Amino acid sequence: SVHTRDEVELPPPAIDNRLTVHPLWPEIDRISTEQIQAAFEGVGGEIGWQLFAEEGDMRMYRREMEVDGMVMDPLKAMHKVRGVSAREMCHYFFNPRYRYEWETTLETMTIVEEISSDAMVFHQTFKRIWPASQRDALFWSHVRADRDTYAVTNHSTTNVDYPANTGACIRLFVTVCLACRSSYPAGERPTRENVTTSIAYCSTVNPGGWAPAGVLRAVYKREYPKFLKRFTSYVQEQCRGKPLAI
Ligand code: 16C
C-alpha cells in the first residue's frame, strides 16, 4: 500500500451512511449529541463537582452519587496535550487495534458488530476488583466530527448473543465520552510542533450489582488518572514523526 500509516482509517469527517440506516442510529445520534454538548461545559463553581486529581494540565472531578447503595459517581476530566490532533486522539481511542496497548483494565475484548467505519459494538471483560465479582460490558462506540470537535461516545447496549449475568461476570453499564478540540496559533498552518488538543473525558459507570463503595472509589481514583496519562502519552508516541492528521 502507498499509505505509510492508517490515514484511510482515521475517523471520517462526516457520518458514514451505513450507520444512519442501522436500528441503533437514533439512540447513537441522540446520546452522542448530548454527550458532546455537555463535555466541555464547566465544572468550576458548579455545585457538587469535586477536584480529586491534578497533575500538570490534567484535572479530574467527580460527583459523589449513590443509588441503592451502589456508587455511580460521574467523572469529568480535562486535559491538554501537545503535538497531536483531536482527530488522532479519537482514532486511537476508537480503533480496537490499539486498545490492549493502552487499556490496562481490560481482560478481553470482542468485536460484536462492525456497524460502519465510525460505529462498532464491543463486548469487554475487565480485571476483577477484589472482593467484588468480575465485570463485563457490552457497548456501542461511535466516533464523529461535530463542528470543531472530534469525539468518541461509548454507551451500553444489549444483544441476544451476549446475555447479561449468565456466567461469572456481572454486567456493568457505562456511558463514556472523549471529546477533543485542536488549536494552533492564529494565522499559522497546523503542524505537529504548534498543535495542542484540549480533552474532555466524561464517564459514568453503574457497577450493575454490589461492590464495596470504599474499594470502588479507591480504585477509580487510582485508575482514571492512570488511564488518561497513559492513553495521552501513548497517542503522542504513536504520532511522533508521522504527518499531522487534522
Ligand atoms: O474509557 C475507557 N475505556 C474505553 C475502552 O475500553 C471504554 C471502557 C469503559 C469501561 C469502563 C469501566 C471499567 C471498569 C473496570 C473495572 C475493573 C478495573 C480494574 C482495574 C484494577 C486492576 O469506554 C477508559 C476506562 C478507564 C477506567 C478506569 C477505571 C474505572 C473504575 C470504575 C469502577 C467500576 C466499577 C466496577 C465494579 C467492581
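The model is predicted. Pro131 sits in the loop between β7 (119–126) and β8 (135–146).

Q: What kind of peptide bond joins Trp130 and Pro131?
A: A cis peptide bond joins Trp130 and Pro131, with omega at about 5°.

Q: Why does Ser203 count as buried?
A: Its relative accessibility is 1%. Buried means under 20%. Ser203 therefore counts as buried. The residue lies in strand β12 (residues 196–206).

Q: What makes the pairing of the side chains of Ser203 and Tyr224 a polar contact?
A: The two side chains come to 2.9 Å. The cut-off is a pair of N or O atoms within 3.5 Å, one able to donate a hydrogen and the other to accept it. The pair is therefore listed as a polar contact. Leaving aside neighbours within four places in sequence, Ser203 also has Asp73, Pro74, Leu75, Thr175 and Val176 among its contacts.

Q: Why is Val205 called partly exposed?
A: Its relative accessible area is 27%. Buried is under 20% and exposed is over 50%, with partly exposed in between. Val205 is therefore partly exposed. Val205 is found in strand β12. Its contacts beyond four places in sequence include Val71, Phe173 and Tyr224.

Q: Why is Arg147 called exposed?
A: Its relative accessibility is 77%. Exposed means over 50%, so the label holds. Arg147 lies in the loop between β8 and β9 (149–156). Its phi is positive, about 50°, although Arg147 is not a glycine.

Q: Where does Asn165 lie, and what is its phi?
A: Asn165 is in the loop between β9 and β10 (170–171). Its phi is positive, about 55°, and Asn165 is not a glycine.

Q: At what angle do helix α3 and helix α5 pack, and how far apart are their axes?
A: Helix α3 (residues 86–94) and helix α5 (residues 213–239) pack at about 110°, with axes 10 Å apart. Angles of 65 to 115 degrees count as roughly perpendicular, so α3 is roughly perpendicular to α5. α3 passes α5 in a right-handed crossing.

Q: Which residues of α3 meet α5?
A: Glu88, Met89, Tyr92 and Phe93 do, against partners in α5 including Phe227, Phe231 and Val235.

Methods:
Residues are numbered from 1 along each chain as its sequence is written. This is a predicted model: local features need pLDDT of at least 70, side-chain atom pairs count only at pLDDT 80 or more; totals for chains, interfaces and linings use all residues. Side-chain values use heavy atoms; hydrogens and water are left out. Helices (H or I, at least four residues) and strands (E, at least two) are DSSP runs, numbered from the N terminus. Buried means under 20% relative accessible area, exposed over 50%, partly exposed in between (1.4 Å probe, protein chains only). Contact means heavy atoms within 4.5 Å. Axes are lines fitted to C-alpha atoms, for helices over the stretch in contact, and angles run from 0 to 180 degrees between N-to-C directions. Angles under 35 degrees count as roughly parallel, over 145 as roughly antiparallel, 65 to 115 as roughly perpendicular and the rest as oblique. A crossing is left-handed if the near helix is turned anticlockwise from the far one by less than a right angle, and right-handed if clockwise.
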